[in-house]
Amino acid sequence: MLKTNEDQTSQAAVLTGGAGVIGTAFAYGLAQAGIRTAILDLDKSKAQDLAKEIADETGTEIIGVQCDVLSIDSIQDADAEIAEQLGPISSLVNCAGGNSPSATTNAEKLSADLSNLEDSFFGIDVSGFRQSLDLNLLGTVLPCSILGKRLVGQKSGSIVNISSMNAFRPLTRIPAYSAAKSAVSNFTQWLAVHLAPTTVRVNAIAPGFFLTEQLKYLAFDENGELTPRYQRVLANTPMARFGEPEELVGTLLYLLSEGSRFVTGTIIPVDGGFSAYSGV
Ligand SMILES: NC(=O)c1ccc[n+]([C@@H]2O[C@H](COP(=O)([O-])OP(=O)(O)OC[C@H]3O[C@@H](n4cnc5c(N)ncnc54)[C@H](O)[C@@H]3O)[C@@H](O)[C@H]2O)c1
């Protein structure tokens, strides 16, 4: 019989980018479910301060570990620290990621008279493009390779990656981030198939528009008013609002639970209906 209200307290999770906005909501959600967690982040003090705050509040064992998801040495060091402090892990949540401002075009479309070349795709700094591909794609692949190895051969294991709406259809202005998240979705499905003979499942969450730091610089003008672009986003979100990071936690816990034990290779939108809506 499948347990729907299982006790998840025997689990231990690793959460990359865990000191960010969505990571913080995830870390709280994991701790409140009793899942012992290692918060990994580039920013060591943020990860450690957050871990202490959550552990004090929830009583669940949470540790903060410095880790650069783009460095094999750094992930291996984190892995050793996690093994020593938390023991075996049951899940990996790859939350480090984000858009690179230098791979963002000012214009949504190139004008027919070519008057805005610099503001178009042709003005993009290739290093920003590379940065975005690295952080989102390799920053998911490398932890899966090093930390995911520890999941294989255990009783059960779940990897959850973070994709985005722009993986289904690219959003204007952010070609690198769109391509990178599309690759994250594709890699999620690839790894799910590859690991299917083991007990390790691999899925992704595709958040819609959440009012986080990354979104704020795009969504509001200097007067704090919602830009026309984000007015359009809300007009295309049937629930007509931005998401709260806490609203991603239920899907995460589901994907880590026995309740989803036959679920692998899925990309689950949590988006207020954005991806379902044609705009008409
Ligand atoms: N904000 C949204 O609406 C939204 C929508 C769709 C997807 N996402 C995705 O959700 C995830 C979290 O987004 P967020 O808004 O919480 O971002 P955030 O910027 O608040 O958090 C990202 C965290 O990752 C850490 N980080 C950056 N580079 C790192 C590296 N090399 N190694 C380890 N840690 C690193 C940062 O220090 C930061 O704490 C990202 O993958 C993002 O692309 C966000």
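The model is predicted: local features need pLDDT of at least 70, side-chain atom pairs count only at pLDDT 80 or more, and totals for chains, interfaces and linings use all residues. Residues are numbered from 1 along each chain as its sequence is written. Helices (H or I, at least four residues) and strands (E, at least two) are DSSP runs, numbered from the N terminus.

**Around the ligand**
- The shell has 29 residues, and G17, G20, I22, G97 and F210 come nearest; a residue is near a molecule if its C-beta atom, placed from the backbone, lies within 6 Å of it.
- At least two shell residues come from each of α1 (21-32), α4 (126-146) and α6 (213-219).
- By class, the shell splits into 15 nonpolar, ten polar and four charged residues. Here Ala, Val, Leu, Ile, Met, Phe, Trp, Tyr, Cys and Pro count as nonpolar, Asp, Glu, Lys and Arg as charged, and the others, Gly among them, as polar.

**α4 against α5**
- The axes of α4 and α5 cross at roughly 20° and come within 8 Å; axes are lines fitted to C-alpha atoms, for helices over the stretch in contact, with angles from 0 to 180 degrees between N-to-C directions.
- That crossing angle is why α4 and α5 are roughly parallel to each other (angles under 35 degrees count as roughly parallel, over 145 as roughly antiparallel, 65 to 115 as roughly perpendicular and the rest as oblique).
- Residues making the contact include F129, L133 and L137 of α4, plus A180, V184 and F187 of α5; contact requires C-beta atoms, placed from the backbone, within 7 Å.
- This contact has 13 nonpolar, four polar and one charged residues.

**α3 against α4**
- Helix α3 (residues 72-86) and α4 have axes that come within 10 Å and cross at roughly 45°, which means α3 is oblique to α4.
- On the α3 side the contact uses I72, I75, Q76 and D79, and on the α4 side L142, P143 and I146.
- Five nonpolar, one polar and one charged residues make up the contact of α3 with α4.

**Positive phi in loops**
- L114, which is not a glycine, has a positive phi of about 60° and sits in the loop between β4 (91-94) and α4.
- L114 is exposed because it has 9 other C-beta atoms within 10 Å (buried means 20 or more, exposed 12 or fewer, and partly exposed in between, with C-beta atoms placed from the backbone).
- R173, also not a glycine, has a positive phi near 80° and lies in the loop between β5 (157-162) and α5 (175-195).
- With 19 other C-beta atoms within 10 Å, R173 is partly exposed.

Definitions and conventions. Two residues are in contact if their C-beta atoms, placed from the backbone, lie within 7 Å.
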